[in-house]
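User: I have not looked at this one before. Can you walk me through it?

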Amino acid sequence: MIKLKELLEKISETENLTLTGIHSPDRMINRVEFLTTDTVPDAETLYLAAGRNTLKNRHLQERILELKEPCLILTDREQELPFPLLLAREIRDADQLFSTILKRLRFEEQIQFETNELYHLLYAGKGLEDIVLCAQKLLGRPISVLDAGYTMLAVSPMMRNLPFGVESNDAGDFLSEQEVDSLRRLQIEQQIYQHTHAFFIQTEDHPDTNWIFCAIRIQHVMSGYVAVCLPDKTEATEHELRLTSVISDICAVEMQKHDFFAHQTGLQYETFLTDLIEGRFTSLPMIESRFKVLNRHLGKFFCLAILYSNEPHNSELFNERQMASLRNTYSGSMSVVYHNNIVLLLNQDTPVLLRPDLVRPLAQFALQNHLKVCLSQPFADILKINIFYEQAQHTLELSDLNSPDQLIYFSTEALPFYLFSKCSYDELETGIHHHIFQLQDYDREYHTEFVATLRAFLSHNRNMTQTAEYLHIHRSTLFYRMKKMEELLEVSLSDSHLLFLYELSLQIWDYLSR
């Protein structure tokens with residue numbers, strides 16, 4: 001089935017046909033027949049009445065007029081009739097014209113059949129791999145689907161057999177660095193971004209192959225592309241170009257179905273950064289290679305910032321302009337919207353020091369955009385980025401519960417609570433030093449304040465003067481309490497290791513008492 005306008009345009013490419021009085025250009029045509037006096041007309045058939053007087057038949061005219069919408073009749077004889085005609089200035093060979101139209105209709109039928117087969121995989125298939133396998137079967141060509149960062153999301157068996165292009169490791173399949181360089185140097189990448197449909201190109205880097213490329217667009221953002229390889233000197237057929245465009249559209253639907261690129265701005269590195277955060281890379285040379293391919297510099301020191309908001313992900317919070325502002329503030333950084341949060345990777349050659357001059361712009365950005373921020377501990381091993389992401393994310397959740405009015409949190413400050421959250425209640429309770437329970441029992445029985453005094457001493461940097469002032473007691477009274485605790489516990493409160501255990505125990509106690 002094809003629109004009348006498209007059908008006539010295709011016919012005119014091969015037939016010397018000049019038409020006048022074309023009407024209803026969007027009418028769908030399903031069949032072609034010669035018009036005879038016995039014809040039972042219908043609205044989806046194009047009838048040829050070339051060089052014949054068939055239209056003068058009164059009974060045929062009556063049958064045509066009975067239709068709700070007049071059928072389409074192509075003729076080269078102008079005549080007065082009670083219904084419109086498609087008038088050709090000349091039809092030299094009616095049989096040849098019929099054959100041309102029939103061939104075009106069968107071609108459209110094949111395209112529609114194959115399109116339906118591919119779309120069927122959206123609910124019956126197993127993702128992009130099944131779509132690519134089906135596409136290879138229909139085209140008989142090597143085919144691959146890549147994201148904007150040159151990660152190969154799906155690769156057909158024939159494509160894997162090519163002696164170039166695919167670079168594989170534990171993290172997945174990628175377009176090789178040499179091929180990325182070729183796409184850029186030959187400006188093929190630019191053409192992929194510019195074209196709205198599949199296009200054919202011959203590449204000087206691979207004179208033994210030609211290629212079809214088609215961008216995959218999600219919400220008008222170029223999120224990847226389809227690549228089809230053709231043999232040497234073979235030009236792309238209309239069938240291959242049309243079907244490649246269909247494959248691109250179907251891949252876009254499949255990606256959205258699985259939330260691929262749901263929050264992305266089209267930046268090349270975003271999928272790579274997501275894979276990095278999820279711990280899919282286990283090779284440092286591979287990470288260095290992907291940074292280079294994506295025109296990024298891999299530094300030596302890193303830190304993650306997670307910016308959280310209660311607003312939905314499609315709000316102004318996540319638009320490209322704000323993300324760009326954040327990246328410009330932190331040179332060399334990369335950002336991605338991941339699980340409805342902005343994740344910023346600070347990436348530099350010098351150690352990341354969480355000083356006010358580094359943190360202030362981030363805090364200001366968060367304040368302006370109604371966000372909360374959590375900074376991971378700085379780290380130097382990029383392979384452990386997923387561990388520090390998980391720590392920062394968990395810290396953000398814990399800190400937001402404990403201090404909901406705070407704007408910025410640091411994983412280093414919340415490290416004890418993060419570690420406590422990994423243990424069960426019983427496991428943590430056994431970590432409280434028995435002296436704390438002993439002091440608690442003594443306070444309960446003799447109405448003393450030893451636990452409160454010890455807590456104040458530890459929280460005021462073990463300074464007797466500051467502790468006495470905080471408790472509103474005389475220094476001699478504080479010394480007396482400390483001496484009584486030492487006698488009761490038979491320890492020395494000048495033992496720094498013991499004081500550390502007491503301080504840790506009180507933090508566990510507070511955590512369990514929330």
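## Walking through the model

Analyst: Before anything else, this is a predicted model.

User: What is the phi of N340?

Analyst: Phi of N340 is near 70 degrees, which is a positive value in a residue other than glycine. Most residues other than glycine have a negative phi.

User: And is N340 buried or partly exposed?

Analyst: N340 counts as partly exposed, at 32% relative accessibility.

User: Which loop is Y150 in, and what is its phi?

Analyst: Y150 sits in the loop between β8 (143-147) and β9 (151-155). Its phi is near 70 degrees, again positive in a residue other than glycine. Y150 is buried, with a relative accessible area of 1%.

User: Which residues of helix α10 are buried?

Analyst: Helix α10 covers residues 284-293, and M286, I287, S289, R290, F291 and V293 are buried in it.

User: Back to loops. Where is G332?

Analyst: G332 is in the loop between α11 (320-329) and β16 (334-338). It is partly exposed, with a relative accessible area of 35%.

User: What does G332 touch, leaving out residues up to four places away in sequence?

Analyst: With those left out, G332 touches R296 and N347. As for P361, it is 29 residues from G332 in sequence, and their C-alpha atoms are 15 Å apart in space.

User: What is F213 in contact with, apart from its neighbours within four places in sequence?

Analyst: Apart from those neighbours, F213 is in contact with L183, I188, I192, H197, A198, F199, I201, Y225, V226 and A227.

User: You mentioned α13. Where does A392 come in, and is it buried or exposed?

Analyst: A392 lies in helix α13. It counts as buried, at 0% relative accessibility. Not counting residues up to four places away in sequence, A392 touches I306, C374, S376 and S411. A392 and V373 are 19 residues apart in sequence, and the distance between their C-alpha atoms is 9.5 Å.

User: Different topic. How many disulfides are there?

Analyst: The structure holds 0 disulfides. C229 is in none, and the nearest cysteine sulfur, that of C214, is 16 Å away. C229 is buried, with a relative accessible area of 4%.

User: Let's do helix packing. How do α16 and α17 cross?

Analyst: The axes of α16 (residues 434-446) and α17 (residues 450-459) come within 8 Å and cross at roughly 135 degrees. That makes α16 oblique to α17.

User: Which residues meet there?

Analyst: From α16, I436, L439, Q440, Y442 and D443 meet F450, V451 and L454 of α17. By class, this contact has 6 nonpolar, 1 polar and 1 charged residues.

User: And at what angle do α18 and α19 pack?

Analyst: Helix α18 (residues 464-471) and helix α19 (residues 475-489) pack at an angle of about 105 degrees, and their axes are 9 Å apart. The two are therefore roughly perpendicular to each other.

User: Which residues are in that contact?

Analyst: On the α18 side they are M464, T465, T467, A468 and L471, which meet R475, L478, F479, R481 and M482 in α19. By class, the contact of α18 with α19 has 6 nonpolar, 2 polar and 2 charged residues.

Technical notes: Residues numbered from 1 in each chain as written. Predicted model: local features only at pLDDT ≥ 70, side-chain atom pairs only at ≥ 80, totals over all residues. Heavy atoms only, no water. Axes fitted to C-alpha atoms, helices over the stretch in contact; angles between N-to-C directions. Helix = DSSP H or I, 4+ residues; strand = E, 2+ residues; numbered from the N terminus. Parallel < 35°, antiparallel > 145°, perpendicular 65-115°, else oblique. Contact = heavy atoms within 4.5 Å. Nonpolar A, V, L, I, M, F, W, Y, C, P; charged D, E, K, R; others polar. Disulfide = S-S within 2.5 Å. Buried < 20%, exposed > 50% of the residue type's maximum accessible area, 1.4 Å probe, protein only.
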